[in-house]
Amino acid sequence: MKRLVIIPAFNEAPMIRRTLKNLKEVTQKLMPCDILVVDDGSGDKTGTIARNAGVLVLRHKLNRGLGGALGTGLEFAKRQNYDVAVTFDADGQHHPNDIVKATEPIERGEADIVIGTRTKSSHGNMPVDRRLIIRGSNVITWLLFGVWTSDSQSGFRAFSKKAIQHVELKTDRMEVASEIFAEAKKHKLKVTEVPITVIYTDYSRSKGQGNLNAINIFYKLLLRLAR
Amino acid sequence: MNIFLPIQIFLLVFLLFAFSRVILRFRDGTIPLGMFLFWVAIWILASFSIIQPNFTSFIAQRMGIGRGADAVIYASLIIVFYLNFRLTVSLENLRHEITKLTREIALKEKIRHANLKRRKS
């Protein structure tokens with residue numbers, strides 16, 4: 001089975017080396033995977049560090065946002081005929097061991113998209129404001145796209161071959177997290193959730209979406225319905 | 001005898017200018033037929049309201065608004081908001097086109113680098 005871990009990265013030079021090192025150690029031990037960093041027009045050495053780490057690197061000449069970078073990763077997976085693709089954050093907040101947990105339902109043929117939910121296992125670790133934003137986003141995702149999930153904003157997801165072939169992302173920025181559910185519903189893809197561990201650090205919080213950005217995300221999702 | 005007020009003449013001249021721009025943009029292919037017809041209808045309606053101001057009062061009374069000028073303002077606001085919405089959607093689509101182009105360049109470069117590497121080894 002051909003597996004790909006997609007890491008969208010924008011100006012992640014301080015963290016990407018460590019993230020890739022941890023990821024390579026775990027995947028070599030537990031599950032062979034190719035690793036792809038989508039350098040989303042970084043102004044720092046993110047791309048060079050990733051290339052030196054010996055992983056695949058695609059570079060956007062312009063910064064297009066999280067949705068744009070994920071779309072590029074999935075398009076690469078589609079063209080290279082991968083069976084499973086996992087999206088993984090570059091800021092070190094995801095635990096590489098969870099990749100096995102996320103891909104299992106796909107490899108057993110039980111799911112097309114697996115969402116690694118932070119709300120099921122790491123509530124104690126999650127800041128209160130972030131918890132509220134996630135709950136609000138879940139309601140918005142349900143209202144706009146009719147899919148209920150316990151963590152619509154998780155960056156940790158696994159896609160089956162069918163999902164890789166069908167999911168077509170139209171949004172370019174953070175709103176992509178909710179859009180994936182719309183695509184799942186449109187193409188009748190089976191979605192399941194697995195609990196994952198999230199490591200919140202000052203760095204990962206500074207890289208994540210700001211609380212006020214939630215309004216902008218809602219606005220972009222409304223526009224997406226009209227496109 | 002002057003049958004038009006100065007403001008009517010000024011507005012009609014402006015509408016003629018706007019009308020000519022719509023025809024020119026349609027002829028050079030900048031706007032599609034649907035948009036051309038939309039703007040032609042808007043400008044014809046506006047010209048008619050300027051030449052026959054009672055027309056707007058008639059419409060306003062029928063809709064229960066009262067004054068003709070109020071009806072024109074309400075209708076204009078709705079049209080402007082809708083056009084603004086369409087413009088925002090087009091802008092989003094344009095942004096997405098740029099993303100697709102950026103993606104294609106990134107994927108092509110990857111293939112080019114892989115081919116170069118293969119040739120060297």
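Domain bounds here come from an automatic or database domain assignment. For chain B that assignment gives domain 1 (1-51) and domain 2 (68-121), and the centres of domain 1 of chain B and domain 2 of chain B, taken over C-alpha atoms, are separated by 30 Å.

Before we go on, a word on the ground rules. The model is predicted, so local features need pLDDT of at least 70 and side-chain atom pairs count only at pLDDT 80 or more, while totals for chains, interfaces and linings use all residues. Residues are numbered from 1 along each chain as its sequence is written, and chains are lettered from A and ligands numbered from 1 in the order in which they are written.

Let us look at chain B as a whole. Chain B holds 4 helices and 0 strands, in the order α-α-α-α from the N terminus; helices (H or I, at least four residues) and strands (E, at least two) are DSSP runs, numbered from the N terminus. The C-alpha trace of chain B spans about 90 × 30 × 20 Å along its principal axes. The radius of gyration of chain B is 25 Å, whereas a compact globule of 121 residues would be near 14 Å; this radius is taken over C-alpha atoms, and the globule rule is 2.2 Å times the number of residues to the power 0.38. Buried residues (20 or more other C-beta atoms within 10 Å of their own, with C-beta atoms placed from the backbone) make up 7% of the 121 residues in chain B.

Now zoom in on two of those helices. Two packed helices are described by the angle between their axes and the distance between the axes. Helix α3 (residues 53-63) of chain B packs against helix α4 (residues 68-120) of chain B at about 80 degrees, with the axes 7 Å apart. Axes are lines fitted to C-alpha atoms, for helices over the stretch in contact, and angles run from 0 to 180 degrees between N-to-C directions. α3(B) and α4(B) are therefore roughly perpendicular to each other, a term for angles of 65 to 115 degrees. Among the residues that meet are B:P53, B:I59 and B:M63 from α3(B), and B:G68 and B:V72 from α4(B).

Finally, turn to where the chains touch. The contact takes 16 residues from chain A and 13 residues from chain B, where contact means C-beta atoms, placed from the backbone, within 7 Å. On the side of chain A, α3(A) gives the largest share, 5 residues.

Methods. Contact = placed C-beta atoms within 7 Å. Parallel < 35°, antiparallel > 145°, perpendicular 65-115°, else oblique. Buried ≥ 20, exposed ≤ 12 C-beta atoms within 10 Å, placed from the backbone.
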